[in-house]
Amino acid sequence: MLLQHPRHNSIFWRLFAGFLIVVAVTAAISIFTAYLRQIEESRPGQIDGRIGGRKSVFAALTVYKYAGREKLVEWLLAPDNSRPTVFIINEKGEDISGREVPLLALDNLATADLDEINSTAFLAYYPLSSIEKVTIDGEEWTAFASMLSVPEDLTVNPLEDKRRTIITVVAAILISLLGSAVLAFFYTRPLRQLDAGMREFARGRFDIRLANQISHSGAEIRLLAEVFDRMAEQIEKLVTRQQRLFHDVSHELRSPLARIELAADLARRDPARAEHFLGRIEKEVKAMDSLVGNLLKLARFERGIWLARAPHALRRLAAEAVENAQFEAHRKQISVTLEDQTDGDGPVLSLNAESIGAAMQNLLRNSIRVSDEGTHVKLIVERTDFSWRLRVRDEGPGIPPGEIDRLFDPFFRGEGEMTGTGFGLGLTIAKNAVTTHSGSIRARNLEPHGVEVIIDLPLELEIHPEKGDSDK
């Protein structure tokens with residue numbers, strides 16, 4: 001995996017090198033610090049406060065206790081009393097056996113804090129300290145142990161012992177390499193998961209999501225994956241919608257093209273009726289032109305191009321939409337009326353008159369299409385606590401509950417719709433016109449029958465007299 005992704009290779013090796021350097025430097029510092037401390041504790045002549053020195057003092061005092069002064073002196077002068085060497089001195093600094101006392105040991109005694117020495121952790125395992133007061137023949141003496149020479153196994157410079165140095169360095173390198181590789185691999189794992197998912201997305205798997213695949217230990221990468229998931233979800237919706245739109249447009253164009261082809265063939269076979277067939281062809285061409293026009297209008301809405309606004313009286317736009325709808329409803333003997341419930345001359349809003357007017361006309365036209373002869377369609381204009389509201393009500397058969405949520409989808413047709421009818425693009429264009437004005441649109445069934453489509457436009461769209469003039 002790492003060899004296939006050079007950029008992640010770089011991150012991995014940089015992390016690997018960083019961990020390796022930190023481990024190596026830490027190990028080197030620890031090794032030299034340990035040697036320096038050992039050297040400091042083993043300087044020739046200083047008091048040995050380690051467990052070996054304590055045991056040696058204990059051994060000397062035990063010899064005196066059970067064998068007396070002479071045997072103690074004999075034991076002190078024996079070759080075995082070395083490394084460390086026990087001294088027992090009086091107040092003048094003279095050793096009981098007549099040996100020369102190291103000056104460094106005398107300096108240690110002068111500055112020693114016996115309470116601190118006797119409180120060390122070694123006393124938990126050994127009852128005596130490295131400096132003990134003892135009475136011999138009525139005289140006060142001080143017993144202690146001292147290292148008179150540097151131990152043979154102590155290497156002042158760790159590089160002088162090549163064999164030990166090589167083994168230590170090799171072991172440290174191997175441990176550092178393994179630890180650094182594991183840490184680098186662990187910390188780059190979320191990046192590899194993110195990279196693999198993005199590559200799959202680039203291959204066309206728009207349904208892939210990454211946040212749940214990345215553990216919470218990679219919190220920053222998980223946040224990045226969540227952003228990617230939101231982006232992928234939006235892209236998937238757009239691609240799916242475009243694919244469905246392409247399919248629907250192809251389906252819508254296939255039928256008029258087939259009828260045009262049939263009319264042209266019949267016109268060639270029956271020249272006497274060519275005029276009739278040309279009329280049919282003209283009708284189908286107009287239908288296709290209308291479809292293309294609506295698609296272009298829908299595309300403009302979705303791209304946010306059609307957003308030019310100006311002050312317009314909402315009542316006037318509603319009246320124009322009702323007037324146009326009355327002309328179309330006359331053939332079905334359907335009455336279309338406007339009910340304005342706003343105060344005074346009505347609100348003046350900052351609108352794109354063409355888009356909002358088209359939205360109202362599409363809703364009225366759709367209501368007329370689904371309504372029976374002799375029924376009534378109404379457009380109501382009112383103000384709520386939160387919006388300027390437009391309501392289009394009809395007395396049609398209503399919409400099946402399962403289809404209400406899809407009512408504004410492009411080319412959606414209900415199960416009860418006949419071929420050649422349906423909601424088409426009109427309601428989709430109306431929805432986009434409203435949403436470009438930061439509004440909302442929804443539909444609901446009425447009792448006992450009928451449908452009401454509700455448009456809510458923000459109150460902030462209103463232009464007050466001091467801010468602008470209404471259209472005339």
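In the predicted model, the side chains of Arg-269 and Asp-265 meet in a salt bridge with an N to O distance of 3.2 Å. Both residues belong to helix H7 (residues 219–269), where they are four residues apart, about one turn of the helix. An α-helix has 3.6 residues a turn, so residues three or four places apart point the same way. Arg-269 is exposed, with a relative accessible area of 66%, whereas Asp-265 is partly exposed at 23%.

A second pair, Arg-389 and Asp-456, forms a salt bridge at 2.7 Å, N to O. This bridge links distant parts of the chain, with Arg-389 in strand S8 and Asp-456 in strand S10, 67 residues apart. Both partners fall under the 20% cut-off for burial: the relative accessible area is 19% for Arg-389 and 10% for Asp-456. The side chains of Glu-452 and Arg-444 also meet in a salt bridge, at 2.6 Å, N to O. Here Glu-452 is buried, at 0% relative accessibility, while Arg-444 is partly exposed at 43%. Glu-452 and Arg-444 are linked with Glu-382, Arg-391 and Arg-393 in a network of salt bridges. The whole structure contains 16 salt bridges.

The largest nonpolar core comprises 39 residues, of which Val-336, Leu-351, Met-360, Leu-363, Leu-364, Leu-379 and Leu-457 touch the most other members. At least two residues of this core come from each of several elements, including helices H9 (314–329), H10 (353–370) and H11 (426–435) and strands S8 (387–393) and S10 (451–458). H9 supplies the largest share, seven residues. Leaving aside residues up to four places away in sequence, Val-336 touches Val-322, Ala-325, Gln-326, Ala-329, Leu-364, Ile-368 and Val-377. A separate second core of 14 residues includes Ile-96, Ile-136, Trp-141 and Ala-145.

Helix H10 has 18 residues and spans 26 Å from its first C-alpha to its last, close to the 26 Å expected at 1.5 Å a residue. Among the buried residues of H10 are Met-360, Leu-363, Leu-364 and Ile-368.

On the surface, Ile-166, Val-169, Val-170, Ile-173, Leu-174 and Leu-177 form a nonpolar patch with about 510 Å² of accessible area together. Val-170, found in helix H6 (residues 162–202), is partly exposed, with a relative accessible area of 44%.

Overall, the chain has 11 helices and 10 strands, and 38% of its 472 residues count as buried. Of the contacts between residues at least 6 apart in sequence, 68% join residues at least 24 apart. The accessible surface of the chain is about 28400 Å², 57% of which belongs to carbon and sulfur atoms.

Key:
Residues are numbered from 1 along each chain as its sequence is written. This is a predicted model: local features need pLDDT of at least 70, side-chain atom pairs count only at pLDDT 80 or more; totals for chains, interfaces and linings use all residues. Side-chain values use heavy atoms; hydrogens and water are left out. A nonpolar core is a set of buried Ala, Val, Leu, Ile, Met, Phe, Trp, Tyr and Cys residues joined through side-chain atoms within 4.5 Å. Buried means under 20% relative accessible area, exposed over 50%, partly exposed in between (1.4 Å probe, protein chains only). Contact means heavy atoms within 4.5 Å. Patches are made of residues with over 30% relative accessible area and no salt bridge: like charges are joined within 9 Å, nonpolar side chains (Val, Leu, Ile, Met, Phe, Trp, Tyr) within 5 Å. Accessible areas come from the Shrake-Rupley method with a 1.4 Å probe; for residues, only the protein chains shown count as cover. A salt bridge is a side-chain nitrogen of Lys or Arg within 4 Å of a carboxyl oxygen of Asp or Glu. The expected span of a helix is 1.5 Å times one less than its number of residues.
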